[in-house]
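I opened a notebook for this structure. These entries record what I looked up, topic by topic.

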Amino acid sequence: MNKIIVTGARHNNLKGIQIKIPRNKIVVITGLSGSGKSSLAFDTVFAEGQRKYIETLSPFARQFVNQLEKPEVDKIEGLSPSVAIEQRTLGRSVRSTVATISGVYDYLRLLYARASDIYCPQCGTLMQFHESEEVIHQFIASAEGMPVIVLAPVIRGRKGEHKKLLEDFIKRGFLECRIDGVQYYLQEAPELDRHKIHHIDIIIDKLKMKPDVYQRLKNAIDTAKKYANNIFALHLPSLNQDRMYVPRGVCTNCNALLPEIEPKLFSFNSPVGACPRCKGLGKIIEAENDLLKEKNNDYNAGEKCPECNGNRLRKESSIAKVGGLDIVSLCSREIKDIIPFMQSLHFKGSKAEIASKIMKDVINKLVFLKKVGLGYLAIERPLYTLSLGEAQRVRLASHIGSELRGILYVLDEPTIGLHPSDNAQLLSMLKLLKEKGNTILIVEHDETTIRTSDYVIDLGPGAGSEGGHIVNKGSLSNFLKKDSLTACYLTGKKTIPVPQRRRKAKEYITIKGAREYNLKNITAKVPLGVMTVVTGVSGSGKSTLVIDILYRYIMSRIYKTRIQPGQVDTVTGWEKLKRIVLVDQSPIGKTPRSTPATYTGIWTPIREFFARLPESRKYGYTASRFSYNVASGRCSNCEGLGMKKIIMAFMPDSYVTCEECKGARFNKETLKVRYEGKSINDVLELTIAEAFKLFSFHPKIKKKLQFLLDTALGYLKLGQPSTSLSGGEAQRIKLARELWSSHQQNTLYILDEPTTGLHFQDVHYLLQVLQKLVDYGHTIVIIEHNVEVMKSADYIIDLGPGAGEEGGHLVVFGTPEKVANSKKGATANFIKKVLNTNKRNKVN
């Protein structure tokens with residue numbers, strides 16, 4: 001079958017659509033925000049592909065897999081195993097790095113453990129390898145007269161019950177063991193928690209060190225090595241000390257012994273390799289435990305660990321070197337520099353055989369990372385410091401290099417964070433993925449991506465309840481023949497107009513000597529009272545300049561925070577600002593109880609309105625009665641959630657509608673209060689657009705809903721859990737909340753790629769909102785690659801000319817027209833093209 005046939009898709013706002021999606025092609029799904037793109041691509045097609053695959057697993061295996069709900073669809077034919085790379089599922093753990101997420105670090109750890117040169121930790125001499133007999137002679141001499149226990153470390157840092165292993169050693173005639181540091185008779189060994197990490201040593205022999213025990217010691221050691229993969233340990237009870245031995249080097253210069261060289265030594269996520277001071281975080285956290293930081297995602301908390309200098313690994317890891325570099329030094333380099341370094345390495349003897357396959361896989365993964373526009377990143381870079389687009393492309397690169405075929409890849413705006421000049425590389429990688437026999441389904445608004453695709457599906461015609469229909473579909477040539485909203489923007493029948501005038505700045509914030517990360521000691525001026533776009537190729541230093549320096553510096557001055565800005569000499573001219581607000585894409589809440597209604601404050605006047613209705617006055621209900629977070633009015637069975645969580649042993653956890661309130665969240669008495677036939681829960685189920693019509697008479701509620709409509713969020717439900725919102729939706733909700741605080745003068749708003757998830761039409765609406773904020777007297781600085789936003793700015797700051805070490809310079813500063821005519825950097829040509837186009841008409 002050469003098509004994926006979807007029949008009767010009704011998930012969320014989809015209107016029972018039917019569509020045939022070509023297989024082994026690049027297919028773009030586009031349309032207005034809220035038109036049903038993600039519902040079709042992720043919640044229907046991907047979810048069903050994933051669900052059908054998981055159903056083939058055994059019931060035991062399924063309990064360890066997060067399963068997706070069965071989508072509301074009659075049937076889907078021709079599905080393949082599916083992989084989703086979407087924005088909101090990208091992990092942001094403080095322990096994740098570019099190297100770990102891409103899979104490169106696993107290969108590097110293996111390379112350093114098996115094919116590196118080992119240097120003495122004391123004198124720096126290249127280690128020479130000897131047989132274990134020399135180690136035994138040395139130990140007898142140094143520990144003469146001491147009792148010693150010979151151990152076989154059969155389990156080291158592994159989870160499990162290990163019951164069968166212990167039973168096998170009983171059958172072999174062994175009597176004692178040591179489990180997690182405690183000695184037991186094997187017959188009396190305790191049951192172990194299979195979810196916890198354990199260390200198990202079998203006691204081989206107990207003896208006292210003296211010259212005539214050589215043979216007995218050697219026999220015991222040989223037995224230990226037999227059962228412990230050529231490893232043995234000697235325990236000195238008088239010193240309460242273990243000495244672990246593996247086939248390893250002895251320094252011919254100072255007789256120092258090295259630690260066990262294994263992949264775990266190079267892992268900051270393992271107790272074996274993690275710095276003991278910071279436990280692999282690279283920072284010292286002033287908290288009761290390190291999990292506090294990881295759970296709260298407080299990425300900027302703490303100071304650089306003085307023991308590992310922020311490198312996360314214990315110092316012993318530095319004794320292993322490949323090509324003269326330890327693993328920390330290698331990972332600190334940019335991807336584009338690591339590739340030629342790895343290609344230049346030569347190994348000899350047995351190391352050459354070991355390294356050849358590892359090197360091939362490492363280089364392939366690095367090449368793919370470079371080809372998706374990430375060559376400027378150091379692979380040690382923490383994932384939480386990346387933009388959503390960068391993090392998504394790290395995962396995409398790992399899939400491109402996997403050599404899998406027959407897979408359905410579902411991508412969520414892979415061009416996020418990419419400068420227009422970077423798109424070509426990414427698209428070439430998607431084509432390569434397709435040519436390997438895979439199907440690429442992309443939710444996307446980028447014009448270049450749409451024009452490069454083999455097939456386009458346009459959803460609409462509106463958002464929310466007015467969307468969910470297929471309004472256009474076909475190959476690009478056929479697609480452009482129809483007058484759907486997207487097609488009109490592509491053909492030029494509709495356009496976002498260039499502003500009739502550019503505002504001129506009278507005052508500036510001046511940043512001098514900015515040199516954080518790759519910034520080259522630059523001086524930049526940020527105009528006040530206007531809208532400025534900071535652009536440049538990915539990795540040119542935009543976020544570093546705007547967020548790490550400008551935002552953090554002013555935050556520390558206005559609010560007296562302890563946030564430390566990036567390296568800069570001075571920042572002046574900000575003194576007249578009263579507020580600074582970063583409108584980013586972080587979630588607006590961490591639990592399902594947080595909703596657009598509660599976050600924006602709309603819910604309070606709605607509850608107050610319900611409290612003034614005749615039925616409420618009759619029973620003396622106050623506004624708190626209509627809060628699902630207060631016991632008096634909510635359903636006591638589900639505590640206001642409307643559903644109950646059911647834990648299933650061999651199936652995914654399931655949510656069932658609360659039997660008491662039937663999903664209505666509130667108790668019967670509260671639900672009796674109605675306005676226009678709608679209870680308080682019915683209001684929560686309204687979209688923002690529907691609520692606007694219902695409360696059009698109420699000035700306060702109407703005003704706040706209008707701002708949400710202005711930011712293209714009319715399709716969201718008032719009671720939609722914040723955990724289900726995309727980063728772009730969360731950002732626009734924050735922006736809407738700022739709009740009704742616009743009376744607070746002299747605010748600097750910083751926005752990081754606000755067009756994420758927006759259709760051409762939505763971008764037009766967003767720009768109108770931003771221009772309105774500037775008209776109120778505020779300053780807006782936007783990090784953005786969208787040329788429609790660039791052409792609408794009063795000023796542009798273009799950084800570059802390249803990425804990483806090739807970036808960090810101020811290429812050009814001025815109006816869009818000045819940038820276009822400068823012929824400098826990667827941005828000028830794109831600005832010139834969009835400014836000079838005469839093919840499109842103004843939006844009606």
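**Entry 1: a salt bridge across the chain**

With which residue does Arg579 form a salt bridge? I looked, keeping in mind that the model is predicted. The partner is Glu738, and the closest N and O atoms are 3.1 Å apart. I then checked accessibility. Arg579 has a relative accessible area of 15%, so I noted it as buried. Glu738 is buried too, at 10%.

**Entry 2: other salt bridges**

I searched the whole structure and got 31 salt bridges. Lys357 and Asp361 make one of them, with their closest N and O atoms 2.5 Å apart. Both lie in helix α11 (residues 350–374). They are four residues apart there, so about one helical turn separates them. Is Lys357 buried or exposed? At 51% relative accessibility, Lys357 is exposed. Asp361 is buried, at 14%.

I also found Lys336 and Asp337 joined by a salt bridge, at 3.6 Å from N to O. Asp337 is partly exposed, with 33% relative accessibility.

**Entry 3: cysteines**

How many disulfides does a search of the whole structure find? I got zero. I wanted to know why, and took two cysteines. For Cys278, the closest cysteine sulfur is in Cys308, 3.7 Å away, so that pair is too far for a bond. The cut-off I applied is 2.5 Å between sulfur atoms. For Cys638, the closest cysteine sulfur is in Cys661, at 3.7 Å, and again too far for a bond. Cys278 is buried at 2% relative accessibility. Cys638 is buried at 5%.

**Entry 4: an open sheet**

I traced a sheet of six strands. It is open, and its order is β5-β18-β19-β3-β20-β21, with mixed pairing. Which strands are at the edges? They are β5 (82–85) and β21 (469–474), each pairing on one side only. Neighbouring strands are turned by 15° against each other on average, direction ignored.

Next I looked at β20 (residues 455–460) and β21. They run antiparallel, joined by five bridges. Gly460 stands opposite His469 in β21.

Helix α1 (residues 37–54) touches β3 (26–31), β5, β18 (408–412), β19 (439–443) and β20. The direction of α1 makes about 140° with that of β5. Helix α13 (residues 423–435) touches β3, β18 and β19. The direction of α13 makes about 140° with that of β19.

**Entry 5: backbone exceptions**

Most residues other than glycine have a negative phi, and most peptide bonds are trans. I looked for departures from this.

Gly460 came up again: the peptide bond from Gly460 to Pro461 is cis, with omega near 0°. Pro461 lies in the loop between β20 and β21. The bond from Gly800 to Pro801 is cis as well, with omega near 0°. I placed Pro801 in the loop between β31 (795–800) and β32 (809–814).

Then I turned to phi. Asn240 has a positive phi of about 50°. Asn240 sits in the loop between β12 (232–236) and β13 (241–245), and is exposed at 64% relative accessibility. Arg312 has a positive phi near 80°. The loop between β16 (303–304) and β17 (320–321) holds Arg312. Is Arg312 buried or exposed? At 7% relative accessibility, Arg312 is buried.

Definitions and conventions. Residues numbered from 1 in each chain as written. Predicted model: local features only at pLDDT ≥ 70, side-chain atom pairs only at ≥ 80, totals over all residues. Heavy atoms only, no water. Pairing = 2+ DSSP bridges. Helix = DSSP H or I, 4+ residues; strand = E, 2+ residues; numbered from the N terminus. Axes fitted to C-alpha atoms, helices over the stretch in contact; angles between N-to-C directions. Contact = heavy atoms within 4.5 Å. Buried < 20%, exposed > 50% of the residue type's maximum accessible area, 1.4 Å probe, protein only. Salt bridge = Lys/Arg side-chain N within 4 Å of Asp/Glu carboxyl O.
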